[in-house]
Amino acid sequence: MVTVSVVIPARNAAETLGETLDSLLAQTRGDWTTLVVDDGSTDGTAALTQCYVDRDPRIRLLSDGRGSQGVSAARNRGIAEATGDWLLFLDSDDWIEPAFLRKMLAVLGARPGARVAYSACRRVSPNGHAGPLWLSSEVARAPFEVLARQCPVVIHGFLIDRTLIDEIGGFDPALRTCEDWDFWHRLARTGAVFHPVPDAVAYYRLRARSLSSDAHAMLADARIVIDRAFAADPRVLHPAPRHADGADPGLGTKETSFGHFALWCAAFDVGDGGRGTDLVLPLPDDGGNIAETCRATILAGLRARARIQPDEPLSQDTTFIAAVRELLRQVERAAGRTGLARQLEHMLEPDLFRPERLTERLVIGRTLLVRQDATRLTAIEVPPEVDSLQAEFRLPGREAGWIEVPVFASLSRREVAEGAIEALGLGAFAKGTRAWHRPRFWAQLMAEAIPQMPAIVRNWRGGRPGLRARAKRIVRKSILAVYGSAAKARNNPLFTALVDDARAEAGRVPIPPARSSAETGPDTGPSDTGRRAYWESVYSAPDPWAYGSAYEQLKYDRTLSLLPRGTIERALELACSEGWFSVLLAPRVGHLTASDISETALSRARQRCTRFANVDYRRLDFFDEPLPDGLDLLVCSEVLYDLRDESELRRIAAKLAAALKPGGHLLTAHARLLKDDPTRSGFDWDGPFGVDVIAGALAATPGLALVRSMRAELYRIDLYRRLRDGERAPPPEIETVESGPPPEPAYARSIVWGGAEARRAEVQARESVEQLPILNYHRIATDGPPDLARYRTSPEIFRAQMRWLRRHGYHAVTSADLARHKASGQPLRGRPVLITFDDGYRDFHDTAWPILQAHDFIAEVFIVTDHVGGKAQWDAGFGTPAPLMDWDEIQELGAAGIRFGSHMASHSHMNALSGREIVREAVRSRALLERALGVPCTSIAAPFGEASDRFVRIAGRCGYETGFTTAPGFAHLGSDPLRLPRIEVLGHWSLDQFAGAVRPHAHWTTNFQLAHD
């Protein structure tokens, strides 16, 4: 049986094809076939392939003699002839390691429904030198959004389900280059999960192919590919709903993506002897470290053309160096950042310009650039005008590492060493919950050990026990030093002063006193206090279930409409509560006994019915105590589902029937529970049964017959009659009625409208996850500027989305819940979702909160504290800005259970603020929220999804524990807690698109980290 079909397009590949085919013959799994498609070769390619065909029947040669049709056409022909369940596209000058197919298939087989796996790779120079292991973990986290903007994968690193390729079609023959990039983002648009396989390795030969050597052709084809990625693609018949309209520009615009690819092409052209400057396009500021992005892009383009590895030297030809300098000046103009060319030249010095003495320090604006040898680290003196540090660290045998951090004072050698470990990725393998599995531990350990590393290595290699013992003592001393210093705070005086000033400024803002938390419902009381004590606790506050609401009053009116015709002399109302129905029933009967287990409830019933002389009151627990007999009417509503089980229900049903005289009536009203019928709307209560079971038990009681029934979506009201001897039960009159007004939001939260695909209690009992969707909304409204429509979700659509979540068993969590699970390492039970709102618009208070409350969800809202009670002035450029919540409304919601976090103070772009300004805003906004709400504020979501190293470091030092970005994807318990991704819910989404975005598409439950990511 054929499992894998390997398609190899080959044109004039006689020199390399043998090595490619040998790597297949060496595979440790043999269930494969290979199709070598000869694309009009004029050398010995066909003859070489025929030799392999003669050796192994799994290899076939396809050749039609029509001359070269191009690599895409060749691959498409191979697809048409393939018979395997999985396809691998292997170029004729690349190869794979012997265990490649076994490892890839093992990952796919372990994940039901998996359709795509991709491997790590190594680039190999023409001289045979293999570069470092390389795999993009971002492709696994957000395949389409990454591949819409770049192509950080190799063609033969994938194993793909054949049926998926049939769905999207093959390669586009009209593209001379970038055809694989076009194929990958079509594949990702389907929503398929890309499963990474870090230990399977594909080898990619760096070569100068004629098509790829034309930078202008590559740029022209890339424009087509990127344009397609940012729009609907009719070639993909079944796209994932969230990708149907193309890549999300909020995660990086088309112009930004094209600008950076154009820069790569420009560098490639310079490496090919051209000028490159005519290829440079505008470089929009995306809020990241543009200097580091440009440096990496330029080096990648130059090395690609030179076909060299990161540790191999670039040309030092003076013409070439001059062309690079001119390119840097053009990049500065394209980015609109004064000083960028000088900054890039400093960053490229060790790789390219190679002066006799490298520049170790350089100040540009408010940024200090520093370069250090990681084996000889020293403290860094920071000038007073500097608030940002870009540091480069070099270590023999490794590519240079860069970090960008905020600075407020000089850095000690220990702090510099921490940065070096982070920049060089030396702590990337550390993970887990114990101290020695944390990257910070290893950073601190290396800070102690790096200066002594030569002695450690020398003593260890010496081989003598005494010297090895000395090396161990050095390491042990370093570890102890780490533990001894881990608890020491290292806030410098300037940072402390900034924090104190920001807190003092917040203290001068007038804010109403913090409110205490509101009651979330009646106290259930200790389980061992007995039934009477429990119900007394329920009625500790009046009207515990909103009996006076329009929903309940309509139900009472309908219940009264079912009263039997004629005179009703003796009536007993069981569980009368506070007399809300008693006061309506009393005028309709000769004498009414209102009974309840709670004396508090009876006392309120007396007050409500004082004008009626025909009512008496009795404390009665009818579950255990006897009932009077000879009753004309017995009313028993909203209480029978408090029984333990169905046997108890049958006993009580017989007891109720026995209390009626022949011809007497029993009137009941009870709610529908999901347990009765999960396919219909109902209350998701923990009781053993609802009205359907209750009605069945009563109808089955001997001598009791249903005569009238009124049925609504959430409840039914039934009238039964005790039959006289020999009387036959009449056919019941059944009436279906509209639901009318819904219950109050606080009491409707247990309703699952339309039935439940999964009940919360059930999924929490059987499921646990280590990842969850974090939803990101802005406004729940229909009004506003057209250009901001994507940030508005209509109330009707939002209600449908919350209903969908509720029906599928989701429950809401907060950032505090997420932090607690991260700290414990325990997965989250059930199907958690974190619902967030940015900016604090007033329509959250007026519209979103009632909908959330009615579906039993809470949310986390990020407030722009300087604008509380005002308007969203940052939207003024698009039209009239919407109003924001004031402090009274924020406090009201906080008391009701909504959690609030910081959206900074001014809603500015973080890259437009200095480090000191970020500190002041982060501290001031946090202090204001804590004073207004009386609870800690530990979560932050910077405007525009900011998550640069500088901002994240400042947020952490200012006391924030959880940070939210606008990067797409699911949050994982192993994610950086200050860089949590969110799913932005767009205003135009259909319910199917929403469902497709929320459902987990990833099947792995652990994070993975690679030293060469």
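## Cavities

Strand β6 (residues 116-124) gives the largest share of the lining of the largest cavity, four residues; strands here are DSSP runs of E with at least two residues, helices are runs of H or I with at least four residues, and both are numbered from the N terminus. The model is a predicted one, in which local features need pLDDT of at least 70 and side-chain atom pairs count only at pLDDT 80 or more, whereas totals for chains, interfaces and linings use all residues. Residues are numbered from 1 along each chain as its sequence is written, and side-chain values use heavy atoms, with hydrogens and water left out.

A cavity is a set of points, on a 1 Å grid over the protein atoms alone, where a 1.4 Å probe fits but cannot get out, and its lining residues have an atom within 4 Å of a point. Grid points are joined across faces, edges and corners, and a volume is the space filled by probe spheres set on the points. Under this rule there are two cavities of 30 Å³ or more, and they are set out in the table.

| Cavity | Volume | Largest share of the lining |
|---|---|---|
| Largest | about 60 Å³ | β6 (residues 116-124), four residues |

The lining of the largest cavity is made up of Tyr118, Ser119, Ala120, Cys121, Trp134, Leu135, Ser136, Pro152, Val153, Val154, Gly157 and Phe158. By class these divide into nine nonpolar, three polar and no charged residues, where Ala, Val, Leu, Ile, Met, Phe, Trp, Tyr, Cys and Pro count as nonpolar, Asp, Glu, Lys and Arg as charged, and the others, Gly among them, as polar. Around the second largest cavity lie Ile940, Ala941, Ala942, Glu946, Phe951, Val952, Ala955, Gly963, Phe964 and Leu978, a lining with eight nonpolar, one polar and one charged residues.

The protein chain holds 33 helices and 36 strands, and 54% of its 1013 residues count as buried, that is, they have under 20% relative accessible area, with exposed meaning over 50% and partly exposed in between (1.4 Å probe, protein chains only). Of the contacts (heavy atoms within 4.5 Å) between residues at least 6 apart in sequence, 71% join residues at least 24 apart.

In helix α3 (residues 71-81), the buried residues are Ser72, Ala74, Arg75, Gly78 and Ile79. Seen down the axis of α3, these buried residues fall within an arc of 160 degrees, so they line one face of the helix; the arc is that of the directions from the helix axis to the C-beta atoms. Their cover includes β1 (4-10), β2 (32-38), β4 (86-89), α7 (162-168) and α8 (179-189).

Helix α1 (residues 17-25) has Leu17, Gly18, Thr20, Leu21, Ser23 and Leu24 buried, and what covers them includes β1, β2, α2 (45-55), β3 (59-62) and β5 (95-96). Within α2 sits Thr49, which is buried at a relative accessible area of 0%. Leaving aside residues up to four places away in sequence, Thr49 touches Leu17, Val36 and Leu61.

Arg558 belongs to helix α20 (residues 550-561) and counts as buried at 14% relative accessibility. Beyond four places in sequence, Arg558 touches Met710, Ala712, Tyr715, Ile717, Val737, Glu738 and Ser739. Although Arg558 and Met710 are 152 residues apart in sequence, their C-alpha atoms are 7.9 Å apart. A polar atom of the Arg558 side chain lies 2.8 Å from the backbone oxygen of Glu738.

Arg721, in strand β20 (residues 715-722), is buried with a relative accessible area of 17%. The side chains of Arg721 and Glu727 are joined by a polar contact of 2.4 Å, meaning a pair of N or O atoms within 3.5 Å of which, within protein, one must be able to donate a hydrogen and the other to accept it, and residues adjacent in sequence count only if both atoms are side-chain atoms.

## Positive phi angles

Most residues other than glycine have a negative phi. Ala546, in the loop between α19 (531-538) and α20, has a positive phi near 55 degrees and is buried at a relative accessible area of 12%. Glu638 has a positive phi of about 55 degrees in the loop between β16 (631-636) and α23 (646-659), and is partly exposed at 31% relative accessible area.

Methods
1 Å grid on protein atoms, 1.4 Å probe; cavity = no way out; pocket = protein on both sides within 12 Å on 5 of 7 lines; lining within 4 Å.
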